[in-house]
Amino acid sequence: MTPTPTPLLTLPEVEKLARAAHAAQTDKAGRPYAEHLAAVAHGVRARGGDPDQIAAAWLHDSVEDHALTEEWLQTAAVSPRTRAIVLALTKHPGEPPESYAHRVLATPGALLVKEADLAHNADPGRLAVLDEGTRKRLTEKYARMRALLGLPA
């Protein structure tokens, strides 16, 4: 008898899990980190992203920010495509931006999620609350990544 496969988490379940995993975290402006995740998920949806990409948007920083482990992700009830996108978007310590961009471009579905992530990160209203040095550094960082990914400025 073949075992019944575990059903995949629904998008509301992924959202709830991501919000709980990042509950103690804030962004650079001191805002709840879940606001960023929600904005990226909304951006993916608005850009025509599919459920795998929307789930990945909710989870895109979970491993990198140590909210969830890579081991958890490997066995999580998410699609292989969602898992691959999250792993592609997980920056490794000391990794050159070029290597990161190459991995994002090589992973089907990841570019759309990264585009939504960069759009929210570079939102002028979000950057305006940061000190000038941080704002300048991040603006340059995001512009460089957009260029490496072939996204319009």
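**A quick tour**

Lys28 counts as exposed because its relative accessibility is 56% (buried means under 20% relative accessible area, exposed over 50%, partly exposed in between, with a 1.4 Å probe and protein chains only). This is a predicted model, where local features need pLDDT of at least 70, side-chain atom pairs count only at pLDDT 80 or more, and totals for chains, interfaces and linings use all residues. Residues are numbered from 1 along each chain as its sequence is written, and side-chain values use heavy atoms, with hydrogens and water left out.

- You'll find Lys28 in the loop between helix H1 (11-21) and helix H2 (33-46) (helices are DSSP runs of H or I, at least four residues, numbered from the N terminus).

**Thr82, tucked into a helix**
- Thr82 sits in helix H5 (residues 80-89), and it counts as buried because its relative accessibility is 1%.
- Its side chain reaches the backbone oxygen of Asp52 at 2.9 Å.

**His66 in a loop**
- His66 belongs to the loop between helix H3 (51-59) and helix H4 (70-75), and at 71% relative accessibility it counts as exposed.
- The phi of His66 is positive, near 60°.
- Most residues other than glycine have a negative phi.

Methods: Helices (H or I, at least four residues) and strands (E, at least two) are DSSP runs, numbered from the N terminus. A polar contact is a pair of N or O atoms within 3.5 Å; within protein, one must be able to donate a hydrogen and the other to accept it, and residues adjacent in sequence count only if both atoms are side-chain atoms.
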